[in-house]
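Me: I've got a new structure open and would like to talk it through. Can you help me find my way around?

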Amino acid sequence: MAPSVDMPVDINVFSIPHNRMKELVDEYNMMMRETNFHNSGHLKKALALLQSTFTEFKAHEQIENKFIIKRLKLKLRQLSIENDAVCNCHKDSKLLYILDLLRMGHRKLRSFSERRTYVKELREALNEFTDDFLPHMKEEEEVFQPLLQQYFSYDELRALKRRVLQEHFIS
Ligand code: FEO
């Protein structure tokens with residue numbers, strides 16, 4: 001169970017990047033609803049947007065791994081605390097699968113039936129990704145952030161937040 005601690009905004013390392021990630025999720029969900037996938041031009045445009053979005057998600061994951069998760073794991077190890085959620089964070093990410101699928105999309109635009117099969121696969125993969133990604137971010141905000149606050153100082157977290165935002169090009 002997560003430790004009960006206050007969450008001051010200035011040391012919350014997840015909230016601002018996650019606002020951006022959630023905007024991107026809303027954007028591609030809307031795009032998937034509104035795109036006419038029978039039109040190959042529209043499909044190409046949709047693939048380009050998804051490529052850019054999932055490249056940003058991948059960068060977000062790498063920033064978290066490098067600056068947050070690695071440090072949190074080390075701290076827990078030093079204190080001999082086992083935490084499977086932290087240890088397995090990002091291990092079953094579907095990001096790489098979707099990035100592969102998007103690359104394949106550029107080669108699968110030849111016929112109507114190929115396009116239809118591909119779009120069905122893409123839609124299912126995106127739905128699965130979204131179903132995992134939103135609770136994943138919630139867990140980071142509601143479980144990992146309190147752990148960070150429990151085991152790192154206010155100044156350490158303020159500096160960490162600044163670095164995380166810089167890496168996301170948000171500050
Ligand atoms: Fe903040 Fe691991 O997504």
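Predicted model: local features only at pLDDT ≥ 70, side-chain atom pairs only at ≥ 80, totals over all residues.

Me: In what order do the elements run from the N terminus on?

Reply: They go α-α-α-α-α-α.

Me: What box do the C-alpha atoms fill?

Reply: Roughly 60 × 30 × 25 Å, taken along the principal axes.

Me: Let's do helix pairs. At what angle do H1 and H5 cross?

Reply: Roughly 160°. H1 covers residues 15-34, and its axis comes within 11 Å of the H5 axis.

Me: So are they parallel or antiparallel?

Reply: Roughly antiparallel. Angles over 145 degrees count that way, so a crossing of roughly 160° qualifies.

Me: Is the crossing of H1 past H5 left-handed or right-handed?

Reply: Left-handed.

Me: Which residues meet there?

Reply: From H1, the residues are His18, Met21, Lys22, Val25, Tyr28, Asn29 and Met32. On the H5 side they meet Leu122, Arg123, Leu126, Phe129, Thr130, Phe133, Leu134, Met137, Glu140 and Glu141.

Me: How do the residues of that contact divide by class?

Reply: Ten are nonpolar, three polar and four charged.

Me: OK, now H2 with H5. What's the angle there?

Reply: Roughly 25°. The two axes come within 11 Å. That angle makes H2 roughly parallel to H5.

Me: What about H2 and H6? At what angle do they pack?

Reply: About 165°, with the axes 10 Å apart. H6 spans residues 154-167. The angle makes H2 roughly antiparallel to H6. H2 passes H6 in a left-handed crossing.

Me: Which residues of H2 and H6 meet?

Reply: Ile63, Phe67, Ile68 and Arg71 are the H2 side. Glu156, Leu160, Arg163, Val164 and Glu167 are the H6 side. By class, the contact of H2 with H6 has five nonpolar, no polar and four charged residues.

Me: Then what is the volume of the largest pocket?

Reply: About 340 Å³. It is lined by 20 residues. Those closest to its centre are His90, Asp92, Ser93, Asp132 and His136.

Me: Which elements give two or more residues to the lining?

Reply: H2, residues 40-78, and H5, residues 112-151.

Me: Which element gives the most to the lining?

Reply: H5, with eight residues.

Me: How does the lining of the largest pocket split by class?

Reply: Eight residues are nonpolar, five polar and seven charged.

Me: Remind me where else H5 came up?

Reply: In two of the helix pairs we went over. H5 is roughly antiparallel to H1, and H2 is roughly parallel to H5.

Definitions and conventions:
Residues numbered from 1 in each chain as written. Heavy atoms only, no water. 1 Å grid on protein atoms, 1.4 Å probe; cavity = no way out; pocket = protein on both sides within 12 Å on 5 of 7 lines; lining within 4 Å. Points joined across faces, edges and corners; volume = space filled by probe spheres on them. Helix = DSSP H or I, 4+ residues; strand = E, 2+ residues; numbered from the N terminus. Nonpolar A, V, L, I, M, F, W, Y, C, P; charged D, E, K, R; others polar. Axes fitted to C-alpha atoms, helices over the stretch in contact; angles between N-to-C directions. Parallel < 35°, antiparallel > 145°, perpendicular 65-115°, else oblique. Left-handed = near helix turned anticlockwise from the far one by under 90°. Contact = heavy atoms within 4.5 Å.
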